[in-house]
Amino acid sequence: MSKPRTIWKGLFPAATTQFAPDFSIDIRATEAGFDALVRDGAHGLVLMGTVGEGNSLEPDEKRAVLKAAVECVDGRVPVVAGVSELTTARAAAFARDAEKLGASGLMVLPAMVYVPTEDELVAHFREVARASALPIMLYNNPPAYRVNIGLDVIRKLLDLPTVECIKESASDTTRYTDLANAFGDRLTLFAGLDDVVLEAIVLGADGWVSGLSNVFPKESLALWDAARAGDLKTAQAIYRWFMPLLHLDAGPDLVQAIKLAEQIVGRGSECVRPPRYPLTGARRAEVIALVERAIATLPSRQAAA
């Protein structure tokens, strides 16, 4: 089972959505973040996923962010829109609109809140896939969304030509081998959890949707390039430097932590939308210390020394 690749390859930051102090979307700051990531070498962008706070945006806001991204990126890299809704009908409607607005692809999640049966999960994905001609990345994140996209579910979707990719955010890295054994080249595999990305690349991942690349994009690309080239010595050195921060991607406060880190390095604001609130107390101090240590020990500085 094989098929041609489309847009699915490389490092795709899970880009943040920037807010003003009154919690309205700061479109200019959001566009500036997108542009900076592209200029730093990102191979694509994923918008309005977990890190992009897609579930905190109103329907018209999602469309405004996507429109701004398409105009800002201007074809330089693929722009992938997260599709995360409470109902299948809303997800299909957004998929249709995303295609009209110029998205390059869709990252499709199970319907939010409700835990479906296998047949319901298949029906949800099929309905969204039928709503547009855009290529689709299925997003599997059992820890966050309490739904596992099992091999049997995927088998029932393979007759849909636009289902091309799966983003794997389970911490069990055996999934990469199981997926490869089950489906060969039919599905492109993307790493979706930052602190197991090196393992994922070694096991065959062709892409990485990354949260911490918002903060250190050049180092993320260096890790990606070294691992893909088989230079494990270099990859391991970057990975060990990066790991304390990469662990932030696996915590329940990953959005607040990543946006605080963005603010520290001058790439955005820590403002998040309720029910999230900026980190405080010991946790805030911990994240600040991790970022400051990472800055002080950048691999490029160590190499120069």
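Reader: Which residue with a positive phi follows α9, and near what value is that phi?

Author: In this predicted model, helix α9 covers residues 217-228. The residue that follows α9 and has a positive phi is G230, with a value near 80 degrees.

Reader: What length does α9 reach from its first C-alpha to its last, and what is expected at 1.5 Å a residue?

Author: Helix α9 has 12 residues, among them the buried P217, L221 and W224. At 1.5 Å a residue, 16 Å is expected for α9, and the reach from its first C-alpha to its last is close to that, at 16 Å.

Reader: Against which elements do the buried residues of α1 pack?

Author: Helix α1 spans residues 27-39, and its buried residues are T30, F34, A36, L37 and V38. After the helix comes G41, whose phi is positive, near 115 degrees. The buried residues of α1 pack against β1 (10-13), β2 (45-47), α2 (59-73) and α9.

Reader: Are α3 and α4 roughly parallel or roughly antiparallel?

Author: Helix α3 (residues 88-101) and helix α4 (residues 118-130) pack with their axes 8 Å apart and at an angle of about 25 degrees. Angles under 35 degrees count as roughly parallel, so the relation of α3 to α4 is roughly parallel.

Reader: What is the handedness of the crossing of α3 and α4, and how do the residues of the contact divide into nonpolar, polar and charged?

Author: The crossing of α3 and α4 is right-handed. On the α3 side the contact is made by T88, A91, A92 and A95, and on the α4 side by H124, E127 and V128. These residues of the contact of α3 with α4 divide into four nonpolar, two polar and one charged.

Reader: Which elements do the buried residues of α4 pack against?

Author: In α4, the buried residues are L121, V122, H124, F125, R126, V128 and A129. The elements that these buried residues pack against are β3 (79-83), α3, β4 (105-108), β5 (136-140) and α6 (151-155).

Reader: Is E262 buried or exposed, and which residues is E262 in contact with, leaving aside its neighbours within four places in sequence?

Author: E262, which lies in helix α11 (residues 254-264), has a relative accessible area of 3%, and because buried means under 20%, E262 counts as buried. Leaving aside its neighbours within four places in sequence, E262 is in contact with T16, Q18, N214, V215, R267 and G268.

Technical notes: Residues are numbered from 1 along each chain as its sequence is written. This is a predicted model: local features need pLDDT of at least 70, side-chain atom pairs count only at pLDDT 80 or more; totals for chains, interfaces and linings use all residues. Side-chain values use heavy atoms; hydrogens and water are left out. Helices (H or I, at least four residues) and strands (E, at least two) are DSSP runs, numbered from the N terminus. The expected span of a helix is 1.5 Å times one less than its number of residues. Buried means under 20% relative accessible area, exposed over 50%, partly exposed in between (1.4 Å probe, protein chains only). Axes are lines fitted to C-alpha atoms, for helices over the stretch in contact, and angles run from 0 to 180 degrees between N-to-C directions. Angles under 35 degrees count as roughly parallel, over 145 as roughly antiparallel, 65 to 115 as roughly perpendicular and the rest as oblique. A crossing is left-handed if the near helix is turned anticlockwise from the far one by less than a right angle, and right-handed if clockwise. Contact means heavy atoms within 4.5 Å. Ala, Val, Leu, Ile, Met, Phe, Trp, Tyr, Cys and Pro count as nonpolar, Asp, Glu, Lys and Arg as charged, and the others, Gly among them, as polar.
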